[in-house]
Amino acid sequence: MIYLKLFLSFLQVGLFSIGGGYAAMPLIQSQVVDQYGWLTMNEFTDLITIAEMTPGPIAVNSATFVGIRIAGVPGALAATLGCILPSMVIVSILAFIYYRYQKLSALQSVLQSLRPAVVALIASAGLSVLQTVVFQGEAPAIQNINWAGLMIFAAAFYLIRKRNWNPILVMGLCGVSGLAVSLILDGVEKML
């Protein structure tokens, strides 16, 4: 039964995540955190980080990770198949239609109209992850701010946007910085 749940959950993610991995994040969160409770929000944030750092699409990496976590290798296969099956079918149909009718302006208009929805999904996912990092999963309030996480985010934003650093390098530096801050804070707590 769990294999069917994993398959159907990620089938929905694969079916409705138009726009790629970042657009899939709110849908994955809805399924694995909100609906089934397979992961906590902090575990979900870690999942997104791992899925971004490993080669391959974020949604597929997430499906594989959740599947293994919940039901081992067969669960990973079920979740991953559920995630990629809609894309395989939809892309095959769209490729056929596009090659046949690519000169029609109506088709070009439809493709143009999807862009704002994709941007909104990506913005929603980014704000959700930012809220988890900055407020540590708590309700947004001044006393719940994770100042170290906020400063690491601000530094990463500056390095990527203003200095044009490689995003992979910045992600690695953020991970090392977060680990260092965590170790330092744990050491200070033990001393007190």
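Biologist: What makes the contact between the side chains of E43 and R69 a salt bridge?

Modeller: Happy to walk through that one! This is a predicted model, and in it the N to O distance between the side chains of E43 and R69 is 2.8 Å. The cut-off for a salt bridge is 4 Å, from a side-chain nitrogen of Lys or Arg to a carboxyl oxygen of Asp or Glu, so the pair qualifies. A search of the whole structure finds 1 salt bridge.

Biologist: How do you know that the pair links distant parts of the chain?

Modeller: E43 sits in helix 3 (residues 41-53) and R69 in helix 4 (residues 58-101), 26 residues apart.

Biologist: Let's turn to helix 7 and helix 8. Why are they called roughly antiparallel?

Modeller: Helix 7 (residues 147-161) and helix 8 (residues 167-191) pack at an angle of about 160°, with their axes 10 Å apart. Angles over 145 degrees count as roughly antiparallel, therefore that is the term for helix 7 and helix 8. Their crossing is right-handed.

Biologist: Which residues meet there?

Modeller: From helix 7, A148, I152, A156, L159 and I160 take part, and they meet P167, V170, C174, S177, G178 and V181 in helix 8. The residues of this contact divide into 9 nonpolar, 2 polar and no charged.

Conventions:
Residues are numbered from 1 along each chain as its sequence is written. This is a predicted model: local features need pLDDT of at least 70, side-chain atom pairs count only at pLDDT 80 or more; totals for chains, interfaces and linings use all residues. Side-chain values use heavy atoms; hydrogens and water are left out. Helices (H or I, at least four residues) and strands (E, at least two) are DSSP runs, numbered from the N terminus. Axes are lines fitted to C-alpha atoms, for helices over the stretch in contact, and angles run from 0 to 180 degrees between N-to-C directions. Angles under 35 degrees count as roughly parallel, over 145 as roughly antiparallel, 65 to 115 as roughly perpendicular and the rest as oblique. A crossing is left-handed if the near helix is turned anticlockwise from the far one by less than a right angle, and right-handed if clockwise. Contact means heavy atoms within 4.5 Å. Ala, Val, Leu, Ile, Met, Phe, Trp, Tyr, Cys and Pro count as nonpolar, Asp, Glu, Lys and Arg as charged, and the others, Gly among them, as polar.
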